[in-house]
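Work through the exercises below with the sequence and the model open. Each task is followed by a solution in steps.

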Amino acid sequence: MAGTSDDLPLSQRLQAIREQWKLLRAGFDADTLAARAAELEHAMQVPGFWDDQQVAAQVSAEHSRATRRLERWRGLASDVDDLRALAEMAEEDESVAAEVAAQMATVEEHLAELEEERLFSGRYDAGDALVTVNAGAGGTDAQDWAEMVLRMMMRWAERRGLSVEMLEASPGEEAGIKSATFRASGENAYGLFNAEQGVHRLVRLSPFDAAHRRQTSFAGVEVSPVVEQASDIAIEDDDLQIDTYRASGAGGQHVNKTDSAVRITHRPSGIVVQCQNERSQSANKATALAMLRSKLIEAEERKRREEIAREKGEAQDVNFGSQIRSYVLHPYTMVKDHRTDFEVGSAERVLDGDLDGFVHAYLLAAAKPGRG
């Protein structure tokens, strides 16, 4: 991978590791995190803690995240301390140099993970994400492209160790999808997927054109935080238009015989959500309402970012309708992020879910002082 230090002498690699560790340590308050983990653990031991299942689950999840971070941090601290002695051994005995180099590579990988984790400072970054992919301009090509983007996003989630649950998919007339929504669950799911919001542009020879001409297609990705308790978001019944329809399962899945799928339109905002993965209409309605809450929260967050950008006098585009990345399959292959200029020559690898480089570059850029 470009930018690695594999070719440097062990002494220089050790120095770089120690400097990076020093910077990370300066920005990480292990004592505060340990105190928070202890506070949460105490709360979990109070009689009646599990009486409120929803609150208990949130506390338990936060405790797990804090405990994992502490364990990773302490383990890495121990590994960095051990490297000095190992590097000295390698200088005296070249036969252990390869083993020491492998250990350094592991430490460098863990340092990169902690560095990335430091970038998740948003209010909802640590939680789950609701991801919606919509076909844009381009007809059947766009609907096929939307399905490709959906597959890419879900594969990336699985690579990151996140679990995915499909909530709704509306198939295209000839191929692909018009839209689909899934929930990504796991540590920092929203912080990760938030980097993928925007329009994804594809240039390729159309497989749906008899003349096989070059076609440009667009797919939009929307991401909202999943917030289990959103008492600050008021949803009035009179503001909702609720429609039911027959759920359809793509790819040979079961097809419900009743109108169990639910579509909810929030009239004041124009936001539309739908769910068809549950077996009953009431369950689909409950899930759709949760989706609506998440999208309303994201709309509020977007408004807040726009206000911050205006106050700073920044010209940056904080709307998510902007084109963020181009995927070119003809006449050459390349994927380029227009926000960071990060690019990869292997489009196939990216479409198979290798998005880490793009996301890491965006998170680093977004974390720089002066960014909204």
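## Exercise 1: a pocket and its lining

In this predicted model, helix H2 (30-44), helix H3 (53-92) and H4 each contribute at least two residues to the lining of the second largest pocket.

**Task.** Describe the second largest pocket by its volume, its lining and the kinds of residue that line the pocket.

**Solution.** 
1. The volume of the second largest pocket is about 1,000 Å³.
2. Its lining consists of 38 residues, and those nearest the centre are Glu 62, Arg 65, Asp 125, Ala 126 and Gly 127.
3. H3 provides 12 residues, the largest share of this lining.
4. Sorted by kind, the lining has 16 nonpolar, nine polar and 13 charged residues.

## Exercise 2: H2 against H3

**Task.** At what angle do the axes of H2 and H3 cross, and which residues of the two helices meet?

**Solution.** 
1. The two axes cross at roughly 145° and come within 9 Å.
2. The crossing of H2 past H3 is left-handed.
3. On the H2 side the contact is made by Ala 30, Leu 33, Ala 34, Arg 36, Ala 37, Leu 40, Glu 41 and Met 44. On the H3 side, Val 59, Ser 60, Glu 62, His 63, Ala 66, Arg 69, Leu 70, Trp 73 and Arg 74 take part.
4. The contact of H2 with H3 comprises 10 nonpolar, two polar and five charged residues.

## Exercise 3: H1 against H4

**Task.** How are H1 and H4 oriented to each other, roughly parallel or roughly antiparallel?

**Solution.** 
1. Helix H1 (residues 10-26) packs on helix H4 (residues 97-118) at an angle of about 25°, and the axes are 10 Å apart.
2. Angles under 35 degrees count as roughly parallel, and H1 and H4 are therefore roughly parallel to each other.
3. H1 makes a left-handed crossing with H4.
4. Among the residues that meet are Leu 14, Ile 17 and Trp 21 in H1, and Met 104, Val 107 and Leu 111 in H4.
5. The contact of H1 with H4 is made up of 14 nonpolar residues, one polar and four charged.

## Exercise 4: two backbone details

**Task.** Where do the cis peptide bond and the positive phi of a residue that is not a glycine occur?

**Solution.** 
1. The cis peptide bond links His 330 to Pro 331, with omega about 10°.
2. Pro 331 belongs to the loop between strand E9 (323-328) and strand E10 (334-337).
3. Asn 188, not a glycine, has a positive phi of about 60°.
4. Asn 188 sits in the loop between strand E3 (177-185) and helix H6 (189-193).

Notes:
Residues numbered from 1 in each chain as written. Predicted model: local features only at pLDDT ≥ 70, side-chain atom pairs only at ≥ 80, totals over all residues. Heavy atoms only, no water. Axes fitted to C-alpha atoms, helices over the stretch in contact; angles between N-to-C directions. Helix = DSSP H or I, 4+ residues; strand = E, 2+ residues; numbered from the N terminus. Parallel < 35°, antiparallel > 145°, perpendicular 65-115°, else oblique. Left-handed = near helix turned anticlockwise from the far one by under 90°. Contact = heavy atoms within 4.5 Å. Nonpolar A, V, L, I, M, F, W, Y, C, P; charged D, E, K, R; others polar. 1 Å grid on protein atoms, 1.4 Å probe; cavity = no way out; pocket = protein on both sides within 12 Å on 5 of 7 lines; lining within 4 Å. Points joined across faces, edges and corners; volume = space filled by probe spheres on them.
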